[in-house]
2 protein chains.
Amino acid sequence: MAVNRRILLASRPEGAPTEANFRLEETPLPRPAAGELLVRNHWLSLDPYMRGRMDAAKSYAKYVELGEVMTGGTVGEVVESRHPGFRPGEMVNGALGWQDYAVTDGTGVRKVDGAKAPLSYYLGVLGMPGVTAWVGLLDLAQPKAGETVAVSAASGAVGSVVGQIAKLKGCRTVGIAGGREKCAYVTAELGFDACVDHRAGRLYEDLQAAVPEGIDVVFENVGGAVLDTELRLMNAFGRITICGLISQYNATEPYGLRSFRSVLTSRLRVQGFIVSDRMELWPRALAELTQWVAEGKIKYRETVAHGLESAPRAFLGLLRGENFGKQVVRLV
Amino acid sequence: MAVNRRILLASRPEGAPTEANFRLEETPLPRPAAGELLVRNHWLSLDPYMRGRMDAAKSYAKYVELGEVMTGGTVGEVVESRHPGFRPGEMVNGALGWQDYAVTDGTGVRKVDGAKAPLSYYLGVLGMPGVTAWVGLLDLAQPKAGETVAVSAASGAVGSVVGQIAKLKGCRTVGIAGGREKCAYVTAELGFDACVDHRAGRLYEDLQAAVPEGIDVVFENVGGAVLDTELRLMNAFGRITICGLISQYNATEPYGLRSFRSVLTSRLRVQGFIVSDRMELWPRALAELTQWVAEGKIKYRETVAHGLESAPRAFLGLLRGENFGKQVVRLV
């Protein structure tokens, strides 16, 4: 008998999660009912937002219940279909969770083409993180050529795409990342104009030096002291897209943001968003991203963990910034 | 010889200003050159933004230099004119500062009609504070009928107008004010649905009880703990207009805003603004405000100080919330 392996939320973390918050279990392979399909997942996406789903707190999405399979985006192969829209052998992207196999009725599942791009790209630059970058930068912040754009977590799945789009749009683009190696990648490989290492201990001075004309647009993935520092350097009528606040996800005490007054004095527009609120923009964003990747205008890097059982450890590393680029798990 | 009396910025405050930061001086009456007019000010407006102008800090407007006349909105009578657009006897609104007389070239000066409304109203509900309320609520936050609008400094020159407009638009309107007397005025006289006394020591509990369906729109005049509390009660896709942060203007240590994460989890739009950025909206805003005041749909209350020499003390009281409604100084 074939079995399915799934990773469940075993307990809720207090502060930083540990591997003990997860449990791997084996169950019989599920079978699709009429109108459903069975997918074998090949790739699992790991993303910072998953930390929020581990807490029983009000947020934009329902949290994961104890004993429930962890939420996650996937790419996999249809192995059995009783759904008229899917056939065995087709590759599909969906949010089928931390498991080797899943049954779905097809809601939110789209076909992807492994000939056009590596399948894992549909979890990153050609998937949710890429569209997040596109929407948060171009639709919400709307940078103009010549403006200065600051991007935190600049080497990450979202930030790396944000900065490269900003460069394509003619902006001065400054990254903030953790560590010299990531900063070197951000400038030498991704083509940002500058990158500031927030671990070097001189964040305000270094960022100020990197933005001689101030900051017009922030794409924020980190929050906390990084955001507080950016606020001090904003130009009048600046826009701040709040996409993530990863520095706060494990905090037992929230960071007290001291430079909020800049929102008034510089008349800033600060917009929190999640990409699933803007589904109408996905086709346009994906079309542009696909073209830019095909033309080599957007570079993309992944950290790959191997096997479902490695997902918890890889996820904990992601929260500590140990990944480089997009973190995925190869399941087969 | 007629003299002019003027109040200058004598020194910069550290923390809360004192009367010693101001100096009253007498000078010869200025005379208009060709293209200028001489105005005798009848009314001086006192507003929280003036605290910011006392600091030599980067902000949206140039600060007042030491020894310079304090900035301020005025209504007065043209007493001599060498400007083709103005005649003696006309009443004008401008920003002619804390002084009995002023010479101006007419820039930013508009004629007002004392037959249509009391002259002092052109410094309040029919002037900058009223337009601030209109723009910040209707153009930026855009509340829909049935939504809940929270307004801090609800009995003040701006907040009182914000709440009454929100009621006219069919919103549940909740004020936050300092003290029982102001709260009673906000509900009984201004018609807000509820008002929370932020001095009662139970701000979160009291505000939560007053917004059973959460908050959709915040019009913020106060900041600090008031804003932090509102953030905890925001609904998804809420809008926050940052008009003022009076709780912070005298602070030597900035307040650390702890609930900023709500901007992400509730996908809020936070917009700082000053009304002079939106001059194109003034005619429409003033037309509506004038009509609402004439129809008795917007009520308006003032605290009047008498004589230029009383301005510093009245201004310090304003920063402590001792005024009730719009603070003005009657100069003649």
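Start by selecting helix α3 of chain B, residues 159-168. This helix is mostly covered, with eight of its ten residues buried. Keep in mind as you go that you are looking at a predicted model.

**Stop 1: around α3(B)**

Colour the buried residues of α3(B): Gly159(B), Ser160(B), Val161(B), Val162(B), Gly163(B), Gln164(B), Ile165(B) and Ala166(B). What covers the buried residues of α3(B)? Show α2 (128-141), β8 (148-152), β9 (172-177), α4 (180-189) and β11 (215-220) of chain B, which are included in the cover. Then step past the end of the helix to Gly170(B), which follows α3(B) and has a positive phi, near 85 degrees.

**Stop 2: the sheet across both chains**

How many strands form the open sheet? There are twelve, and you can walk along them in the order β10(A)-β9(A)-β8(A)-β11(A)-β12(A)-β13(A)-β13(B)-β12(B)-β11(B)-β8(B)-β9(B)-β10(B). The pairing in this sheet is mixed. At the edges sit β10 (194-197) of chain A and β10 (194-197) of chain B, each of which pairs on one side only.

While you have the strands on screen, here's a general point to keep handy: strands of a sheet pair through backbone hydrogen bonds, in either a parallel or an antiparallel way.

**Stop 3: strands on the chain A side**

Select β11 of chain A, residues 215-220. Is this strand mostly covered or mostly open? Covered: six of its six residues are buried.

- β8 of chain A (residues 148-152) runs parallel to β11(A), with three bridges between them. Pick Ala150(A) and you'll find it opposite Val218(A) of β11(A).
- β12 of chain A (residues 234-242) also pairs with β11(A) in the parallel sense, this time over five bridges. Here Glu220(A) stands opposite Ile242(A) in β12(A).

**Stop 4: where the chains meet**

Slide along to β13 of chain A (residues 269-272) and β13(B). These two strands pair in the antiparallel sense over three bridges. Which residue is the bridge partner of Val270(A) in β13(B)? Click on Val270(B).

**Stop 5**

Carry on to β9(B) and β10(B). They run parallel and are joined by four bridges. Gly175(B) has Cys195(B) as its bridge partner in β10(B).

Bring back two helices here. α4(B) packs on the sheet, touching β9 and β10 of chain B, and its direction makes about 170 degrees with that of β10(B). α2(B) lies across β11, β12 and β13 of chain B, running at about 140 degrees to β12(B).

**Stop 5: two crossing helices**

To see the contact, show Gly130(B), Val131(B), Trp134(B) and Val135(B) from α2(B), and Trp282(B), Ala285(B), Leu286(B), Glu288(B) and Leu289(B) from α8(B). This contact has seven nonpolar residues, one polar and one charged.

**Last stop: the domains of chain A**

Finally, hide chain B and colour chain A by domain. Domain 1 covers 3-124 + 301-330, and domain 2 covers 128-276. The centres of these two domains of chain A, taken over C-alpha atoms, are 28 Å apart. Where they touch, 14 residues of domain 1 of chain A are in contact with 15 residues of domain 2 of chain A. The domain 1 side of this contact in chain A has five nonpolar, six polar and three charged residues.

Technical notes
Residues numbered from 1 in each chain as written. Chains lettered and ligands numbered in written order. Predicted model: local features only at pLDDT ≥ 70, side-chain atom pairs only at ≥ 80, totals over all residues. Domains from an automatic or database assignment. Contact = placed C-beta atoms within 7 Å. Nonpolar A, V, L, I, M, F, W, Y, C, P; charged D, E, K, R; others polar. Pairing = 2+ DSSP bridges. Buried ≥ 20, exposed ≤ 12 C-beta atoms within 10 Å, placed from the backbone. Axes fitted to C-alpha atoms, helices over the stretch in contact; angles between N-to-C directions.
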